[in-house]
Amino acid sequence: MTKSLASRIALVTGASRGIGYATALALAKAGAHIVAVARTQGGLEELDDAIRAEGGSATLVPLNITDLDGLSRLGAALHERHGKLDILVGNAGVAGPSSPLGHIELKAWNDTMATNLTANFQLIRCMEPLLQQSDAGRAVFLTSGTASKASAYRGPYAVSKAALETLVRVWANETATTPLRVNLFNPGPIRTHMRAIVMPGEDPETLDTPAQAAEAILRLCLPSWTETGKFVDYKTGKVMGFHPPA
């Protein structure tokens, strides 16, 4: 059986657990070679075992995505080895502190922005030339409903995701006339470690699993996906555009 992503190269950040892990595995099952980026070596090795068990292959990259020079080196290495990149999934993120804005230390604010926003900007800078070498480049960045809700006590996370949404939309507009398709994906509440930290009293059994969300992300990575600059909501299945405030 021909796999839909055979011969494709897919880079996934935050791939050692949660949605990133599940997405990397789903892409590998579809035939893509996975470039798995994460801080946790053990989690990456577990992912590699799971991918190999499915007959797939992966390149493991133990890297904190706030290492901007490291991302640049990764782009150069991918160019040398593959000459292209077909899929980019910007999944890595941190929850940041849950406090009133006036109680948040500057370092905690900067750390949240560095991971959720600046690292993704660097990914765009370093990976766009490779994605443009693909006949069907696809980029997906994970966002959150918190960005539009401006949830109280979730300031750094909400602001970083709102800024990420604008960053991704700008990139989508800049590349609209190319084969590259760039979109945002909102998983909503999913049974992840990050969700458990932010909502400790919640019953995880009431939430969908990362594997379920990953199947929806997979759709956005296929050559057959043609939308760009959209907000794809997992819970409702809607593909939405953006409009100015009324």
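**Loop, sheet and helix pair**

Alanine 150 lies in the loop between helix 5 (146-149) and helix 6; helices (H or I, at least four residues) and strands (E, at least two) are DSSP runs, numbered from the N terminus. The model is a predicted one, in which local features need pLDDT of at least 70, side-chain atom pairs count only at pLDDT 80 or more, and totals for chains, interfaces and linings use all residues. Residues are numbered from 1 along each chain as its sequence is written, and side-chain values use heavy atoms, with hydrogens and water left out.

Alanine 150 has a phi near 50°, a positive value in a residue other than glycine. Its relative accessible area is 57%, so alanine 150 is exposed (buried means under 20% relative accessible area, exposed over 50%, partly exposed in between, with a 1.4 Å probe and protein chains only). Serine 7, in the segment before strand 1, also has a positive phi, near 75°. With a relative accessible area of 59%, serine 7 is exposed.

I turn to the sheet. In what order do the eight strands of the open sheet lie? The order is 3-2-1-4-5-6-7-8, with mixed pairing; two strands pair if DSSP finds at least two bridges between them. Strand 3 (58-62) and strand 8 (239-240) are the edge strands, each pairing on one side only. Strand 1 (residues 9-13) and strand 2 (residues 33-38) run parallel and are joined by five bridges. Within strand 2, histidine 33 stands opposite isoleucine 9.

Helix 6 (residues 155-174) packs on the sheet, where it touches strand 4 (87-90), strand 5 (138-142), strand 6 (181-186) and strand 7 (231-233). The direction of helix 6 makes about 160° with that of strand 6; angles run from 0 to 180 degrees between N-to-C directions, and axes are lines fitted to C-alpha atoms, for helices over the stretch in contact. Helix 8 (residues 210-221) lies across strand 4, strand 5, strand 6 and strand 7, at about 145° to strand 5.

Finally, the helix pair. Helix 3 (residues 68-81) packs with helix 4 (residues 106-131) at an angle of about 20°, and their axes are 9 Å apart. Helix 3 is therefore roughly parallel to helix 4 (angles under 35 degrees count as roughly parallel, over 145 as roughly antiparallel, 65 to 115 as roughly perpendicular and the rest as oblique). Contact means heavy atoms within 4.5 Å, and the residues making it include Leu71 and Leu78 of helix 3 and Leu123 and Met127 of helix 4.
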